[in-house]
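Please keep the sequence and the coordinates at hand while reading.

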Amino acid sequence: MPTPTPRGVMPAAAERSPRPSPPPVRIDDRPPNLPPQLAAPASLVVDERETMVVTLGVYDPDAEPPTEPPTKPPTKPTALRVFALGLPPGARWDEGTRTLHFRPDFIQGGTTWPVTFVADDGEEQTEVTTTIEVRDTIRPPWPRIDQREPARGTTRLWLSQVTDEFLDAPHKAGRRFPAIVSRPDPIPAGRRFPVLILLHGFLEDPRLTGSSDAFVISPADPACTYWWGYATDDTGGPADRPADRPADRPAEGRPPVVPPYTQRRVLHLLEWVLEHEPAADPERVFVAGRSMGGAGAATLGLLRARHFAGVDAWLWQAIPRNHRPLRIAQLTTHWGAPERDLGDGEPDGLGVWDRMDLTRALLEQPQARNQWLFSRHGKDDAVIHFGAAVLPSPLSGISLYEALQDTGTGHLVVWDEGGHGGWDPVLGARWWDEGWEPRTDDTTFLRRDLAFVGFSNASHDDDPGDGGNDTRPWDDHRGYAGVMSRPNDTGWAGDRAGMLGGHLRWDAGAIVDQIDRFEVPLRGTQGHPGPWPITVDVTLRRVQRFACRPGERVDWSFGERSGEATADAHGELTIADVPITAQWQTLIVVRRW
């Protein structure tokens, strides 16, 4: 028998059993990485305004499938990511559940999109393409051309838009609304033009503006519904109206709804132009207006952002409940009283006054945040006073300007001492624009199918204020507006004129938007008086391929600076305090695997 070794005394080296050494690990000895498996249907079909929800089957064979109960850990950790490329406008991909959500709008029928799903484990990729077809199931009558008229490099088409029960209240179907479409003339072979929808103001007629460089659509809202619509039975307005009085053929006992009939007519005109004018570019559709038209442009452009590359809104109200008393009384005749907040017929059950609160839309809707907005207000505007920009919403508790800044939505907002119908008495017309127009600029331009960046919380932003400066009493109709022609007499606090997001540009043509990398050159303009650099938060908007999931960390660099950033709860990515100078520098964001 071997002699036992006393406790605490190690045996002699010759008596110890040698411990076998593990074999050296070599790269070639690892099991080969297997590509992920991805199961997706070859084709999908959905009707307009119907909801499609599809979950993909995805499996990483290198991370063994779970068992019940678990018997052993996976062979190796998985970094499996699944991306959806080329989604239809308005579709949403939820990577966490690997689910596609899509409810097509009524002007998306008759279109097919090839969508590529990419499963990537960091080493191997698997791609599957699914064709998504939207059936054209809602077909209002096309507008009729009543007259053609040449007009300085354009042909002006005078239209009659005939309604059906989708474009109008049922008992009013068959009405005709005027509209004007101006098309460039001649149109060179192979060239495509942007489309601009121009919405008129209160009690105005369709705009006669035309352009040799764009299609211009000028609809009509003769009832002044603020480019939204009206209750189905036309009597939904008074607050004392019985809530159970049936509307025009709704289900028995239900209150009326307030569908966006006017907004639908505008979109149907856009559909008609895109269908009948091959040179009209669906990726460069913009909507603009002032006063009532500005509110309509912003409401249409944010709530229906899937159709638009940008919004241009002047002298407008973003929060319907903050309108002056006279306007609330008028809109109540169309939408019902604010306290009733009648629904608009959509499945989420949201009331129409809440629906059109654009601070709510910016907080809740990713598509709205991915829009780009130009906005102008006047501190001596006595019609839609400056509170439209700086007073909080009763619903969200924040103002328009705060919503834009807090969410990183792409924006350039300006204000001055102008009024509702005139320019600032000192600065004059368009003092802010530096000749930049994102519809036509060669460098900093907007497309629906192209990423851009939102600038917010810049070090050089001016102070709009958030109330009065104690020089004028509050007026429910005028706010603190002074006399437009008299400089420095506004009763609103803050800088008398200024900008948020001014003097900042991106190079749209140089954007790199790939699954693993995003690049965009940035600079400030020479119009900025200094100091340099401008530090600004930069949010990636309308990303096509470099999509992040909530909480994902990425690495970034900008010149000599670098760091990491984390996507927010919506998967939206903001790089804070980027130091921008007057020279182009490229912001580079790289995904970690």
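A residue is called buried when its relative accessible area is under 20%, exposed when that area is over 50%, and partly exposed in between. The model to which this scale is applied here is a predicted one.

Consider Glu149, which belongs to strand β10, residues 144–150. Its relative accessibility is 26%, and therefore Glu149 counts as partly exposed. Leaving aside residues up to four places away in sequence, Glu149 touches Thr154, Thr155, Arg156 and Trp158. A further relation concerns Ser182, which lies 33 residues from Glu149 along the chain, with 9.3 Å between the two C-alpha atoms.

Arg49 is placed in the loop between β2 (43–47) and β3 (52–55). Apart from residues up to four places away in sequence, the contacts of Arg49 are Arg103, Pro104, Phe106, Ile138, Phe166, Arg264 and Glu346.

Two or more lining residues come from each of β8 (111–120), α1 (261–276) and β15 (280–290). Which element gives the most to this lining? That element is α1, with five residues. By residue class, the lining of the second largest pocket divides into 12 nonpolar, six polar and seven charged residues.

Because 13 of the 16 residues of α1 are buried, the helix is largely enclosed by the rest of the structure.

Strand β15 is likewise described by its burial: nine of its 11 residues are buried, so β15 is largely enclosed by the rest of the structure. β15 pairs with strand β13 (residues 193–199) in the parallel sense over six bridges. In this pairing, Val195 stands opposite Val285 in β15. β15 also runs parallel to strand β16 (residues 310–314), to which five bridges join it. Here Val287 stands opposite Val311 in β16. As a general point, the side chains of a regular strand alternate between the two faces of the sheet.

Terms used: Residues are numbered from 1 along each chain as its sequence is written. This is a predicted model: local features need pLDDT of at least 70, side-chain atom pairs count only at pLDDT 80 or more; totals for chains, interfaces and linings use all residues. Side-chain values use heavy atoms; hydrogens and water are left out. Helices (H or I, at least four residues) and strands (E, at least two) are DSSP runs, numbered from the N terminus. Contact means heavy atoms within 4.5 Å. Ala, Val, Leu, Ile, Met, Phe, Trp, Tyr, Cys and Pro count as nonpolar, Asp, Glu, Lys and Arg as charged, and the others, Gly among them, as polar. Buried means under 20% relative accessible area, exposed over 50%, partly exposed in between (1.4 Å probe, protein chains only). Two strands pair if DSSP finds at least two bridges between them.
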